[in-house]
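Hi,

Here is the structure I said I would pass on. Have a look, and my notes on the side-chain contacts follow below.

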Amino acid sequence: MCSAHATVRGLLGEIVARTGNGRDIIVDMEAGLEHLSRGTGKHVSRIIAVVEPYFRSLETGRRVKELAQELGVGNVVGLANKVRDEDDRRAIQQFCAAHGLPLVGEIPYDSTLAEAERAGLPPIDSSPAGPAVAAIRDLADTLVAEKGLH
Amino acid sequence: MRIAIAGKGGTGKTTIAGTLSRELARRGRQVLAVDADTNPNLAVTLGVSGPRAQDILGLPRNLMTRQTQSDGSTKVVFTADPEEVLREYGVTGPDGVRLVIMGKVGHGGAG
Ligand SMILES: Nc1ncnc2c1ncn2[C@@H]1O[C@H](COP(=O)(O)OP(=O)(O)OP(=O)(O)O)[C@@H](O)[C@H]1O
Ligand SMILES: [Mg+2]
């Protein structure tokens, strides 16, 4: 077990034990699946698997759910990203329905994010009116409104 | 809420984690953003940049201590005060989001 991951896990465990739900915690995970077996997701109440409309990304989303369940984090949902058209939407929806991964939202492909990237600026500051930031704003509303999601 | 954002490389995890953190903070919520990537870059998406980004320290490895249990086995436990750790190693960015980064994975160390 790697000490860096263990430290994060320990810190989150202590924070949760002491402050409960008084604070929102958003963890940006490493790509792929390896971190799941290290338990970095142990103290979260939900894992959001971001999926793009292509097979290997969807397949990773499915594996995230599988592994998380083995580790006792049952609450795993998918989030579609970089959706360009109806075909993209259908590909993601069909895959997720077939594999029991409920979708919590959908973020469209947003070409203005590339500009933010080039300028080294946060999307929320550089393209606040863009469709991607708008969709994440909706996602925040959805998550806040959800009962039982602490 | 406590949410981990996972998925294949390049799918948009950091973009979503950073923007969602800012959006939640704008709703008056206290938000802790954790960069658990060994190649950290959540700071930019949150808007913690420039000299302050250089000041962010990864969490040190001495926060965990090996303790002997009553049955003789040992267990590595987190012994530091978490709020103090957040004060010392976290930085606060736009909209008041607090950021801590895991930092690089240590070499060869067990635990
Ligand atoms: N909805 C979107 N529309 C267009 N581009 C996007 C969208 N979401 C993310 N991107 C772009 O995709 C690239 C990868 O995004 P990001 O760094 O957030 O992914 P990641 O999953 O964190 O990557 P890594 O696995 O390397 O950590 C970036 O260039 C980002 O601007
Ligand atoms: Mg990332």
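One to start with: is A:Asp125 buried, partly exposed or exposed? A:Asp125 is partly exposed, because its relative accessibility comes to 39%. Bear in mind that this is a predicted model.

A:Asp125 makes a salt bridge to B:Arg22, with 2.8 Å between the closest N and O atoms. A:Asp125 sits in helix H6 of chain A and B:Arg22 in helix H1 of chain B, so the pair joins two chains. B:Arg22 itself is buried, at a relative accessible area of 2%.

Over all chains, the search turns up 20 salt bridges. Another of them pairs A:Arg46 with A:Glu146, at 2.9 Å for the closest N and O atoms. These two are 100 residues apart, with A:Arg46 in strand S2 and A:Glu146 in the segment after helix H7. A:Arg46 is buried at 6% relative accessibility, while A:Glu146 is partly exposed at 27%.

In helix H3 of chain A, A:Arg63 and A:Glu66 are three residues apart, about one turn of the helix, and their side chains form a salt bridge at 2.4 Å, N to O. Both also belong to a network of salt bridges with shared partners, along with A:Glu59 and A:Arg62.

On the aromatic side, there is one pair over all chains: A:Phe55 and A:Phe95, edge-to-face, with centres 6.2 Å apart and 80° between the planes. A:Phe55 is exposed at 54%, whereas A:Phe95 is buried at 10%. Finally, the charged end of A:Arg84 sits over the ring of A:Tyr109, 3.8 Å from its centre.

Cheers

Notes: Residues are numbered from 1 along each chain as its sequence is written. Chains are lettered from A and ligands numbered from 1 in the order in which they are written. This is a predicted model: local features need pLDDT of at least 70, side-chain atom pairs count only at pLDDT 80 or more; totals for chains, interfaces and linings use all residues. Side-chain values use heavy atoms; hydrogens and water are left out. Rings of Phe, Tyr and Trp (its six-membered ring) pair if their centres lie within 6.5 Å; planes under 30 degrees apart count as stacked, over 60 as edge-to-face and the rest as tilted. Buried means under 20% relative accessible area, exposed over 50%, partly exposed in between (1.4 Å probe, protein chains only). A charge sits over a ring if NZ of Lys or CZ of Arg is within 6 Å of the ring centre and within 35 degrees of the ring normal. A salt bridge is a side-chain nitrogen of Lys or Arg within 4 Å of a carboxyl oxygen of Asp or Glu. Helices (H or I, at least four residues) and strands (E, at least two) are DSSP runs, numbered from the N terminus.
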